[in-house]
Amino acid sequence: MKEVYVVYWSSTGNTQAMAEAIGAGVNEAGGSAKIVEVSSIQASELKDQACFALGASAMGAEELDGEMDAFVSEVETFAAGKQIALFGSYDWGDGEWMRSWADRMSNAGASIVGGEGLIANLAPDDEAVAACRALGAELVK
């Protein structure tokens with residue numbers, strides 16, 4: 001059974017709901033999801049993982065929260081060759097923070113699962129939850 005880490009930072013619970021839906025998709029596809037808040041894991045624990053998911057909500061001027069940004073900076077040091085799914089929620093803007101994050105991971109040598117990050121405006125609706133489950137299933141392949 002393939003274990004898949006789903007690491008997230010959530011300010012309002014919306015990104016956490018997305019993480020849980022991704023985890024459900026992993027489990028439904030025959031994998032084993034390990035859903036972890038970013039404050040409860042060291043980035044080095046992902047080094048030996050071929051694929052994993054990272055999620056965060058947009059903060060400030062469409063940017064990552066400081067704690068998640070520091071975690072992502074460490075992931076960049078070993079991201080080459082990894083399959084990484086990116087996801088998160090936002091309340092304003094047009095998703096620039098996710099595009100920047102995806103570019104950052106791609107520039108570090110990672111492949112973005114699905115080709116781009118998955119975003120939801122505020123709380124994930126039924127369509128976003130379905131997309132999260134599908135993303136989770138994709139991580140098990």
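Colleague: Before we start, what should I know about the model and the numbering?

Modeller: Residues are numbered from 1 along each chain as its sequence is written. The model is predicted, so local features need pLDDT of at least 70, side-chain atom pairs count only at pLDDT 80 or more, and totals for chains, interfaces and linings use all residues, while side-chain values use heavy atoms, with hydrogens and water left out.

Colleague: Thanks! Why is Thr15 called buried?

Modeller: Buried means under 20% relative accessible area, exposed means over 50%, and partly exposed lies in between, with a 1.4 Å probe and protein chains only. Thr15 has 0% relative accessibility, so Thr15 counts as buried. Thr15 is part of helix 1; helices (H or I, at least four residues) and strands (E, at least two) are DSSP runs, numbered from the N terminus.

Colleague: And what makes the pair Thr15 and Ser89 a polar contact?

Modeller: A polar contact is a pair of N or O atoms within 3.5 Å; within protein, one must be able to donate a hydrogen and the other to accept it, and residues adjacent in sequence count only if both atoms are side-chain atoms. The side chains of Thr15 and Ser89 are joined at 3.0 Å. Thr15 also touches, among others, Tyr8, Gly55 and Phe87, where residues up to four places away in sequence are not counted. Touching, or contact, means heavy atoms within 4.5 Å.

Colleague: Why does Asn14 count as buried?

Modeller: Asn14 has 16% relative accessibility, so Asn14 counts as buried. Asn14 lies in helix 1 and, not counting residues up to four places away in sequence, touches Ser89, Leu122, Ala123 and Pro124.

Colleague: Since you mention Leu122, why is Leu122 called partly exposed?

Modeller: Its relative accessible area is 39%, so Leu122 is partly exposed. Leu122 sits in the loop between strand 6 (118–121) and helix 4.

Colleague: What can you say about phi of Leu122?

Modeller: Phi of Leu122 is near 60°, a positive value in a residue other than glycine. For background, most residues other than glycine have a negative phi.

Colleague: Let's turn to helix packing. Why are helix 1 and helix 4 called oblique to each other?

Modeller: Angles under 35 degrees count as roughly parallel, over 145 as roughly antiparallel, 65 to 115 as roughly perpendicular and the rest as oblique. The axes of helix 1 (residues 14–28) and helix 4 (residues 126–140) cross at roughly 45° and come within 6 Å, so the two helices are oblique. Those axes are lines fitted to C-alpha atoms, for helices over the stretch in contact, and angles run from 0 to 180 degrees between N-to-C directions.

Colleague: Which residues make that contact?

Modeller: Helix 1 contributes residues including Met18, Ala21 and Ile22, and helix 4 contributes residues including Cys132, Leu135 and Gly136. Ile22, at 0% relative accessibility, counts as buried. Leaving aside neighbours within four places in sequence, Ile22 is in contact with Val6, Phe87, Cys132, Leu135, Gly136 and Leu139.

Colleague: What makes helix 2 roughly parallel to helix 3?

Modeller: The axes of helix 2 and helix 3 cross at roughly 25° and come within 9 Å. That angle makes helix 2 roughly parallel to helix 3. Met68, Asp69, Val72, Ser73, Val75 and Glu76 of helix 2 meet Trp101, Arg104 and Met105 of helix 3.

Colleague: How do you know that the buried residues of helix 2 line one face?

Modeller: The buried residues of helix 2 (residues 66–76) are Met68, Phe71, Val72 and Val75. Seen down the helix axis, these residues fall within an arc of 100°, so they line one face of helix 2. The arc is that of the directions from the helix axis to the C-beta atoms.

Colleague: What covers those buried residues?

Modeller: The cover includes strand 1 (3–9), strand 3 (51–56), strand 4 (83–90) and helix 3 (96–107). Leu54 is in strand 3, and its contacts include Met68, Phe71, Val72 and Val75, as well as Trp101.

Colleague: Why is Leu54 called buried?

Modeller: Leu54 has 0% relative accessibility, so Leu54 counts as buried. Leu54 and Phe87 are 33 residues apart in sequence, with their C-alpha atoms 6.4 Å apart in space.
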